[in-house]
Every structure is written in structure tokens, then in C-alpha cells.
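Trainee: I have just opened this model. Could you walk me through how its features get their names?

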Amino acid sequence: MTWRPALSTALLLLVQACSSIDPQPVEPARGRGNADIPDTALPSARSSFFGPRERKPEQDLPAPGAPREENLREITLRNLTESHVALDRSTLTVGADDVVRYTLVVTSPQGARNVSFEGIRCDPNEWKLLALGRPDGTWGKPRDQEWQKIENRGYNAIRYTLAKEYFCDLNGAPMKDARSIFARMRQERALRDSRPD
């Protein structure tokens, strides 16, 4: 048959053509494991559908003025029912560094008042004490100014509720601005008030 020599010649040409191609390194498969993802990825973003986000350089912003009663907005927290917790509406900001900054006022049943200026990073879930309020309305520098993991226990449950229910969206980014956060607070309050006791 005359087609066999032609087929052999075609196969020989194909093998020669393939041998001249330089092999390219194969990129590791990105499956369920995360060992192939660079260490620069944020821990909470390694398994994110949206991929890791770069951490923006933190801004060094001054503490705001002392909180005024007319600016305080009380918020309801699930794991802290005895103390009254309020945010100073005038100090709530979402920075260009993706840090949500706010002044927190916590008043115990006995009347003791703690004022703090804080920041929350939604991705990863961290919070930082930026300044401590003094009775005379000035601010003091806290001893520990490191970012800490947000946990749903003890006094830290305040930050957990703020981050989970108000400050952060579902993909780990902060809400757009203070107006968006307050709108979400109003929505949550309306839903809570509409539920039967």
C-alpha cells in the first residue's frame, strides 16, 4: 500500500517539529491545597474565592477629638449585654489603607467609662488599639500597639461583632464608607426589632 510510507514520513516530520519546541515550566496547580501560594498572601485570603489582597501601607492618622454625647450611637452586641457600647459617629472612617477607624465608648453597669480609638482590618481579621481616652478628654498612647486577632470571646467580642455585622462585607473587604456602615446598622436594627421575642 502506498499510504504507509507517506504516513511514516508525516509522523517523522511531526516528531522533529515537536522536539524543537522548548518545554515551558508548568505552573503549580491551584487546587484545594495552599502550599503553592506565596507566603505574602494574607492568611485569611489564601482560600478566598477572590484571591489574596495586598495589605496597603498603614496610615499614621491623629486621634480625633474627645467623644461628645450627641455623637454617640449605641450598638447592640450579642455577647456583651451588661455594658452599654456606643460608637462616636463623627470619628467612624474607612481609610485609604482599608482600616476602619472609630472611637468606642463602653460604659459598665456601675458607670465606669472606657474610651478608646481603634482600628479594624477586615482581611485578615485584626484590630488595633490606637489611643486611650483620658477623663480630661485627651488621648494617651497605649502600651501595646500591635495588631491582634479578633476573637469572639470576652471583651474582644465587641470587635468581633463590629467586624462581622457592620464593618466588613462578605468577601473580606471593608464597607465603602461610614454612611454604608450606618445604613447596615439601621438595617440590622430593623431586622432585630421585627423578630418576635
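Mentor: In α2, the buried residues are A157, I158, R159, T161, L162, A163, E165, Y166 and F167. This is a predicted model, where local features need pLDDT of at least 70 and side-chain atom pairs count only at pLDDT 80 or more, while totals for chains, interfaces and linings use all residues. Residues are numbered from 1 along each chain as its sequence is written, and side-chain values use heavy atoms, leaving out hydrogens and water.

Trainee: What makes a residue buried?

Mentor: Buried means under 20% relative accessible area, exposed over 50%, and partly exposed in between, with a 1.4 Å probe and protein chains only. By that cut-off, 35% of the 197 residues in the chain are buried.

Trainee: Why is helix α2 called largely enclosed by the rest of the structure?

Mentor: Nine of its eleven residues, within 157-167, are buried, so helix α2 is largely enclosed. A helix here is a DSSP run of H or I with at least four residues, a strand is a run of E with at least two, and numbering starts from the N terminus. The chain has three helices and eight strands.

Trainee: Which element gives the largest share of the lining of the largest pocket?

Mentor: That is α2, with three residues. The whole lining is C122, N125, I150, Y160, A163, K164, C168, D169, L170, G172 and R184.

Notes:
On a 1 Å grid over the protein atoms alone, a cavity is a set of points where a 1.4 Å probe fits but cannot get out, and a pocket is an open set with protein on both sides within 12 Å along at least five of seven lines; lining residues have an atom within 4 Å of a point.
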